[in-house]
Amino acid sequence: MATTRTSRPSRSALFLAPVQYVKGVGPTRAEQLARLGIATVEDLFYHRPRRYEDRRRLATIAQLRFGQKQSTQGTVVALSERRHGTYQFHAAISDETGVLQCTWYGQRYLRQVIRRGTRLIVFGRIERRDTLIMIVEDFEILTGDEEDTLHTGRIVPVHRGTDGLSPRVLRTIMHQALAACADDVPEIIPDEMRRRNGLLERRRAVRQLHFPSTLAEADAARRRLAFDELLMLQLGVLMRRQELEQIDKGYRYAVGDATFHDFLARLPFSLTGAQRRVLDEIVRDLRRSSPMNRLLQGDVGSGKTIVAAAALYLAVRGGHQGALMAPTEILAEQHYLTFRRMLGPLGISIALVSGGRSKRDRDQIRDALRTGALDIAIGTHALIETGIEFKHLGLIVVDEQHKFGVAQRALLRQKGFHPDVLVMTATPIPRTLTMTLYGDLDVSVLDEMPPGRGAVRTFVRGPEKRPDVYAWVLERVREGQQAYIVCPLIEESEKLQVEAAVALADRLRRDVFADVPVGLLHGRLRPDEKDAVMEQFRRGDLRVLVATSVIEVGIDVPQATIMVIEDAERFGLAQLHQMRGRIGRGEQTSYCVLLASTSTEASRRRMDTMVATRDGFAIAQADLDLRGPGEILGTRQHGLPDLRVADLIEDLPMLETARHEAARLLQQDPALSDADLEPLRDEVRAKFDGRMAALSAG
Ligand code: ADP
Ligand code: MG
């Protein structure tokens, strides 16, 4: 940073300036910082300390206690190394109360930086050999100049560093940056909102996050900055929602109850209360002038397909075309068959857009969609391949939407002029997360299972019980039941996965089910082969279906009542739940056997959860507790801005508060056009730039 500047950047510009603006940060440092994801001064300020170390009163050497992690300081009085085996570096440090042997593993460079007489602060676990020693995790060299006051005698932040960039250097850089730019951190939330929630001023929070006087101060700082992130998240999704509400799709459906009647009359059952309620919500959406943007959440087996069919039927009756996108060929094919059965007799034309068709077929379908001769197209991502056009696409339904990337859904949306969008998911996530991830969508929930579902009994058996389990399955199959056998998951390679499936099917055909027709289903079969296998299993010609996790989504064969999952411990909870959702669809009692070695605590807890409940929400919650939100949501995939300070689980109550505050603010000022709100508006824009579309259904 130049000491004399002719023009000083504007306030927030300084905050957003490249980190090289900070004194002491040259090209090398900038490159190191970039490795930590830090490009601007703002990024630097949001690089949250990994932990704090209370160096106000460091323990003296005599005060160190065996088994604890502690910090102390002293002067190096002796050095040694151990070169055979793992390299070890030893330094004995002393203070007025005693001497401590410090050990580092495998860091040969230390002999260049630590000498006799060097003053050190060391942090690590105290162990006992002949005497107390410390296994050093972190250390700092005290230089004796005034800068040391930054590193001792206070609560110091310990930031995550990188090669060549130690916590000490980072701390110095942070200190410089704060001195130069903390005053330029723009306040973004209205004073009144800040006070109402007992939050610090932003610039104070930024300072205090890195250099707190007490740990409570550090916590208050974190809370303030977490609130900002959550508020912006909620503002982003709510503003996106407003935007959609302002769009006029240019027509309205005049959907009357009579239209529905022919559809309902043909169903072999009556709708559940939940299905009726959800359909009402959808009809209300369709009648409005702005596009529907709705998420339908319903556990496996809750009957989402009928809802999709009804909605598409209404769209077609309203003079438009519809599209249904499914994540796998098998599921698309199944939907195609179901829809043809349900809607065909009502005079609706339906086509399967599949990668596996002849070019002639594909061209024909393509033409018919373009001219509007076809009413409904069903397919996988093949639906969004270039070259497919609709004459007037009015409604898009995305099944199992969590299986699609954000970009894929967005592409489909572009095929229509402000189409209505219904996305369906069987992966229940806790409500608060729903409103974050899908905060810009209206949410419908199918919270009632169709009647007449048999119980599902789940058992966990160790691998040694495999022969017994298969003998039992064989007996059941001979009595006329149908079974799925799910192959072990091999994530590394689809090829290996397929080989394992083929081998398992061969073995079972030879050793166990010699006189029983056994089918095999995996991802590498040609689409027509998959169809043939599924069709035979549906008809009951195949009694046992050996399958990879391709059957995880959507498959609906109500008479199948048995499922054995091999190496069940390799699957996540959500996947196990989805797979088990393939059985228990008929009236008979179904059985799920998890062949699992429950050697680890985590796998045991997963299996226990599966045995304990069949409720998707309970399982999702358990999953969340076990794995944390990051892994489950894959926030990047969902297109949400990264959270640098806030934690969706820990800060759940704050997330709700932020949502209320966001709604309140937008109610007063929908576009955040008040001059005072300009910094906030800018930040929301910057954070959601290019991501607003990603946040919506399409
Ligand atoms: P999912 O929500 O998992 O997609 P499906 O739509 O595949 O569930 O429905 C599961 C099964 O329940 C299907 O066999 C379907 O025909 C049946 N079903 C759906 N709704 C009802 C209902 N109201 N009454 C009886 N059976 C129903
Ligand atoms: Mg389904």
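Predicted model: local features only at pLDDT ≥ 70, side-chain atom pairs only at ≥ 80, totals over all residues.

Reader: What makes a residue part of the shell around ligand 1, and how many residues surround the ligand?

Author: The test is a heavy atom within 4 Å. For ligand 1, 18 residues surround it. The closest are G301, K304, T305, R453 and D556.

Reader: How do you know that D556 makes a polar contact with ligand 1?

Author: A polar side-chain atom of D556 lies 2.7 Å from an oxygen atom of the ligand. The cut-off is 3.5 Å between N or O atoms, so the pair counts.

Reader: What is the make-up of the shell around ligand 1, and which helix gives the most to it?

Author: The shell divides into 6 nonpolar, 7 polar and 5 charged residues. Helix α11, residues 304-317, gives the most, with 3 residues.

Reader: Which domains each supply at least three residues to the shell around ligand 1?

Author: Domain 2 (257-288 + 303-425) and domain 3 (456-631) each do. The domain assignment also gives domain 1, residues 57-153. Taken over C-alpha atoms, the centres of domain 1 and domain 2 are 68 Å apart.

Reader: What makes the largest nonpolar core a core, and which of its residues touch the most other members?

Author: Its members are buried nonpolar residues joined through side-chain atoms within 4.5 Å. This core has 59 residues. L44, F45, L235 and L680 touch the most other members. Several helices give two or more residues to this core, among them α1 (11-15), α5 (167-181) and α24 (652-668). The most come from α8, with 11 residues.

Reader: Why is L672 called buried?

Author: Its relative accessible area is 0%. Buried means under 20%, so L672 is buried. L672 sits in the loop between α24 and α25. Its phi is positive, about 50 degrees, although L672 is not a glycine.

Reader: Why does D567 count as buried?

Author: D567 has 18% relative accessibility. That is under the 20% limit, so D567 counts as buried. D567 is in the loop between β19 (560-565) and α19. D567 is not a glycine, yet its phi is positive, about 45 degrees.

Reader: Why is T589 called partly exposed?

Author: Its relative accessible area is 34%. Buried needs under 20% and exposed over 50%, so T589 falls in between and is partly exposed. T589 lies in the loop between α19 (573-580) and β20 (590-595).

Reader: What separates T589 from V502?

Author: Along the chain, T589 and V502 are 87 residues apart.

Note on methods
Residues numbered from 1 in each chain as written. Chains lettered and ligands numbered in written order. Heavy atoms only, no water. Polar contact = N/O pair within 3.5 Å; in protein donor to acceptor, adjacent residues only side chain to side chain. Helix = DSSP H or I, 4+ residues; strand = E, 2+ residues; numbered from the N terminus. Nonpolar A, V, L, I, M, F, W, Y, C, P; charged D, E, K, R; others polar. Domains from an automatic or database assignment. Buried < 20%, exposed > 50% of the residue type's maximum accessible area, 1.4 Å probe, protein only.
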